[in-house]
Amino acid sequence: MSIRIHKLAEELGWDNKELIALLKANPGKYSFASSGNGTSQHLSGELFKSMSGTDMQHIPYKGSPPALQDVMGGQVAMTFDNITTAWTLAKAGKLRALAVTTAAHSPDLPDTPSMKELGLDIDIANWNGFFVPYGPPELVSDRLTRELS
């Protein structure tokens, strides 16, 4: 796909409901990138497809950076990504944030609607963990616990 979804959305006046209508009218024509099979990004895209009644092909990548690169380059139509990796690109105008998957607006993208506002009952929040190799020295473990609390 050589046309980016956010370019199509711009042509449609940034109306996300029209974007969903476009996807419904063209089943299988558009694709979405994710950071890999089974990731939260992949499952967010699959939930979006199911809840919106659209059909897009999933294109898995080995991480968010190459997926975002191909969306910006027009090789893939759109992506579902974590705000932490896509936020700076959206702020720089390289990507258009069409919606957030949480129930409420993100303070980082206050003008971006939630999926619920688009009529889709989707509420997906992401969590992050901090991992170290098994058996760190007690001094290291105690300091990490203290600093991350």
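Modeller: Welcome! A helix axis here is a line fitted to C-alpha atoms, over the stretch in contact, and the angle between two axes runs from 0 to 180 degrees between N-to-C directions. Please keep in mind that this is a predicted model.

Colleague: Thanks! How should I read a pair of packed helices?

Modeller: Two packed helices are described by the angle between their axes and the distance between the axes. Take helix α4, residues 64-73, and α5: their axes come within 11 Å and cross at roughly 30°.

Colleague: What does that say about how α4 and α5 are oriented to each other?

Modeller: Angles under 35 degrees count as roughly parallel, so α4 and α5 are roughly parallel to each other. As for handedness, α4 passes α5 in a right-handed crossing.

Colleague: Which residues of α4 and α5 meet?

Modeller: From α4 come S64, L68 and M72, and they meet T85, A86 and L89 of α5. Sorted by class, this contact has 4 nonpolar and 2 polar residues, with no charged ones.

Colleague: Which element gives the most to the lining of the largest pocket?

Modeller: Here we meet α5 again: α5 gives the most, with 5 residues. Elements that each supply at least two lining residues include α1 (5-11), α2 (16-25), α3 (40-52), β3 (78-79) and α5 (83-91).

Colleague: And how do the residues of that lining divide by class?

Modeller: They divide into 22 nonpolar, 13 polar and 2 charged residues.

Key: Residues numbered from 1 in each chain as written. Predicted model: local features only at pLDDT ≥ 70, side-chain atom pairs only at ≥ 80, totals over all residues. Heavy atoms only, no water. Helix = DSSP H or I, 4+ residues; strand = E, 2+ residues; numbered from the N terminus. Nonpolar A, V, L, I, M, F, W, Y, C, P; charged D, E, K, R; others polar. Parallel < 35°, antiparallel > 145°, perpendicular 65-115°, else oblique. Left-handed = near helix turned anticlockwise from the far one by under 90°. Contact = heavy atoms within 4.5 Å.
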